[in-house]
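Me: Hey, can you walk me through this protein? I'd like to go piece by piece.

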Amino acid sequence: MSSKLNALTSDSYTEISQYRDQHFKGNRYEQEKLLKHSNTLYVGNLSFYTTEEQVHELFAKCGDVKRIIIGLDKIKKTACGFCFVEYYTRGDAENAMRFVNGTRLDDRIIRTDWDAGFKEGRQYGRGKSGGQVRDEYRQDYDPARGGYGKLAQQHRSTEARNSF
């Protein structure tokens, strides 16, 4: 293939990233094969208050959405800032990768990445406190993601108790 033609078919927005799900059941080759043919996207940095309807309204602009799975805190069963969006076709999912990644939803910059395919149980946060791991270590105050990170909240409540 000539380099000129290759440049026309190259699309950095739809290439798979370096991130790999550490809990994937299978080897790296199997995971990469699934990622290259997947119709499912992982969507991160959502507000805890973003609804399934809001996600659908945005992602449906890129194609027919098959289903949306909102990520849940495994203890509280409340939204915890991520979801999976599954399309009927790879082409529609590629359009979402091109046009939705990095846009605003519910006043937050969201990010999309390929997912090897949703499996039951993956809708739950993997953090020790039930939510996402990244929200346990966050030091900033983010009202759309529950305030301070879980460890920072614990530190602040310990300081408050010790100040009496």
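Me: Okay, which elements do the buried residues of α4 pack against?
Reply: This is a predicted model, to start with. In it, the buried residues of α4 pack against α2 (28-37), β1 (40-44), α3 (52-59), β3 (79-87) and β6 (111-115).

Me: And which residues of α4 are buried?
Reply: Helix α4 covers residues 90-99, and its buried residues are Arg90, Asp92, Ala93, Ala96 and Met97.

Me: Why are they on the same side of α4?
Reply: Because the arc they cover around the axis is only 165 degrees, they end up on the same side of α4.

Me: Zooming out a bit, how many helices and strands are there in the protein?
Reply: The protein has six helices and six strands. Going along the sequence, they come in the pattern α-α-β-α-β-β-α-β-β-β-α-α.

Me: What share of the residues is buried?
Reply: Of the 164 residues in the protein, 41% are buried.

Me: And what about contacts between residues at least 6 apart in sequence?
Reply: Of those contacts, 62% join residues at least 24 apart.

Me: How does the lining divide into nonpolar, polar and charged?
Reply: There are twelve nonpolar residues, nine polar ones and ten charged ones in the lining of the largest pocket.

Me: Does it count as buried or exposed?
Reply: Asparagine 45 has 15% relative accessibility, so it counts as buried. The cut-off for buried is under 20%.

Me: And what about the phi of lysine 77?
Reply: Lysine 77 also has a positive phi, about 60 degrees, although it is not a glycine. Lysine 77 sits in the loop between β2 (65-72) and β3.

Me: Why does lysine 77 count as partly exposed?
Reply: Because its relative accessibility is 47%, lysine 77 counts as partly exposed. Exposed would need over 50%.

Me: Last one: how much accessible surface does the protein have?
Reply: The accessible surface comes to about 10100 Å², and 53% of that belongs to carbon and sulfur atoms.

Note on methods:
Residues are numbered from 1 along each chain as its sequence is written. This is a predicted model: local features need pLDDT of at least 70, side-chain atom pairs count only at pLDDT 80 or more; totals for chains, interfaces and linings use all residues. Side-chain values use heavy atoms; hydrogens and water are left out. Helices (H or I, at least four residues) and strands (E, at least two) are DSSP runs, numbered from the N terminus. Buried means under 20% relative accessible area, exposed over 50%, partly exposed in between (1.4 Å probe, protein chains only). Contact means heavy atoms within 4.5 Å. Accessible areas come from the Shrake-Rupley method with a 1.4 Å probe; for residues, only the protein chains shown count as cover. The arc is that of the directions from the helix axis to the C-beta atoms. Ala, Val, Leu, Ile, Met, Phe, Trp, Tyr, Cys and Pro count as nonpolar, Asp, Glu, Lys and Arg as charged, and the others, Gly among them, as polar.
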